[in-house]
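Let's walk through this one together, question by question. Have a look at it first.

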Amino acid sequence: MSGIKIEEVVSTTKRERVAAHSHVKGLGLESDGRAKDNSSGFVGQKSAREAAGIVVELIRTKKMAGRALLFAGPPGTGKTALALGIAKELGPKVPFCPMVGSEVFSAEVKKTEVLMENFRRAIGLRIKENKEVYEGEVTELRAEETDNPLGGYGKSISHVVITLKSVKGSKQLKLDAAIYDSLEKEKVSVGDVIYIEASSGAVKRVGRSDAFVGDHDLEADEYVPLPKGDVHKKKEIVQDVTLHDLDIANAKPQQGQDAMSLVNSLMKQKKTEITEKLRQEINKVVNKYIDQGVAELVPGVLFIDEVHMLDIECFTFLNKALESTLAPVVIFATNRGTCRIRGTDIRAPHGVPTDLLDRLLIVRTSPYSTDDIMRIVDIRAQVEGVQIEDNALGLLGEIGGRTSLRYVAQLLSPSLIIAQTQGGRESIQRSDVEAVDNLFKDAKASAQILHAKADEFIYQ
Ligand SMILES: Nc1ncnc2c1ncn2[C@@H]1O[C@H](COP(=O)(O)OP(=O)(O)OP(=O)(O)O)[C@@H](O)[C@H]1O
Ligand SMILES: [Mg+2]
């Protein structure tokens, strides 16, 4: 393989809607690394947040590759939230791949294959290329239509006329109709600054020209100055991809133009196999790019939640994978104490083999005070758009003290329903919370009932 395809790489970043953590915007630290009381959606759990902050710094300065971190603590103490806080602090340019331990158990794919794929999703590559482009502010955008060659009433686009303006001058381009889709996809309109790659015709919208500042302040558009130099020029283009993006792009069969090959590629997409050989080839090319200075490695984060769900086979794989030169930072989380390592009869702390434990930095999270719980529930109420009265919040804090944070956070929505249906109110009162707490049971209460009424249930 002489070169790897970069142009057609589509990002395969997992997009997850982690609604329960939507209030977490970062770690909420001071510039000296100390945790603020209540910031970026985070309350309390200070030492764990400060430790996470140091890890962010290590990742940023690339001193942490191949190392691993473990968040250990009781349920609902913010372990998952901390990991997502780390992701937010690192920003969108550093890959962050979240997964749950149990994801490795699939009937179709080998466990280590799932891990390998996620490892490669967590390793980024920043590729810098000098490309020939047309760049400028769009001053004219017009699609020329002709009658549909196949007959009928419809019109089809024959070509697109676009005029781009830069500081040095402007240029009118007559482009192939195929580019119209890219322009639509990037939502390009007159007044935007864009560039078009000469070789591939790919269109990228850079932002809105700053001549239009204040024209319509509807959304947070990014305003950019008029590009310098000529419209037609060489430009350094930076592209962020992950190793997995490259694997996928190179494993797919070449896509042709005709309808049949399109259908084929749609059907094949799921079944494409990324072989070990292909990965090695890609690693080789990637290493060459890095040596030549064309690309830079951006080790990201692989987050494995509920790590006690992994079995001994996975742990063996992890031990080895962490040693490789292309390794991301791995963050584990677990709420287990000493338990059996899956696939063995050996008991170990957190269900993790001691040889792996030995190489981890461990961060503990501890249960919250009633006060912290009240403040966190208050944040959640704001995010969910729920109004809640102070005495109701106080009661939730109390309940949270004897149950868990997760349990009381989940009481918010049902309480609102009771407030609306039984009280005709939009804000939650203490009585609504009492009513809901009577209707539902937390895990501990449920376990007590099971214990007390054991003979009423079926056991196998
Ligand atoms: N310090 C905190 N500040 C603000 N919100 C928090 C804090 N800690 C936890 N939360 C929120 O409380 C809820 C429960 O926390 P989280 O899911 O992170 O717990 P966990 O430790 O991962 O629990 P488990 O062991 O059950 O997975 C989430 O909605 C989380 O965003
Ligand atoms: Mg969790």
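Helices (H or I, at least four residues) and strands (E, at least two) are DSSP runs, numbered from the N terminus. This is a predicted model, where local features need pLDDT of at least 70, side-chain atom pairs count only at pLDDT 80 or more, and totals for chains, interfaces and linings use all residues. Residues are numbered from 1 along each chain as its sequence is written, chains are lettered from A and ligands numbered from 1 in the order in which they are written, and side-chain values use heavy atoms, leaving out hydrogens and water.

Q: Where does Ser 40 lie?
A: Ser 40 has a phi near 55 degrees, which is positive even though the residue is not a glycine. As for its place in the chain, look at the loop between β1 and β2 (42-43).

Q: Is Lys 187 buried or exposed?
A: Lys 187 also has a positive phi, about 55 degrees, without being a glycine. You'll find it in the loop between α4 (179-185) and β8 (192-197). Buried means under 20% relative accessible area, exposed over 50%, and partly exposed in between (1.4 Å probe, protein chains only). Lys 187 has 66% relative accessibility, so it counts as exposed.

Q: How does Ser 40 count by relative accessibility?
A: Ser 40 comes out at 26%. Because of that value, Ser 40 counts as partly exposed.

Q: With which side chain does the side chain of His 23 make a polar contact?
A: His 23 sits in the segment before β1 (38-39), and at 11% relative accessible area it is buried. Leaving aside neighbours within four places in sequence, its contacts (heavy atoms within 4.5 Å) include Ser 40 and Val 383. A polar contact is a pair of N or O atoms within 3.5 Å; within protein, one must be able to donate a hydrogen and the other to accept it, and residues adjacent in sequence count only if both atoms are side-chain atoms. The partner, at 2.8 Å, is the side chain of Arg 380.

Q: How do helix α11 and helix α13 run, roughly parallel or roughly antiparallel?
A: Axes are lines fitted to C-alpha atoms, for helices over the stretch in contact, and angles run from 0 to 180 degrees between N-to-C directions. The axes of α11 (residues 390-402) and α13 (residues 430-439) come within 7 Å and cross at roughly 30 degrees. Angles under 35 degrees count as roughly parallel, over 145 as roughly antiparallel, 65 to 115 as roughly perpendicular and the rest as oblique. So α11 and α13 are roughly parallel.
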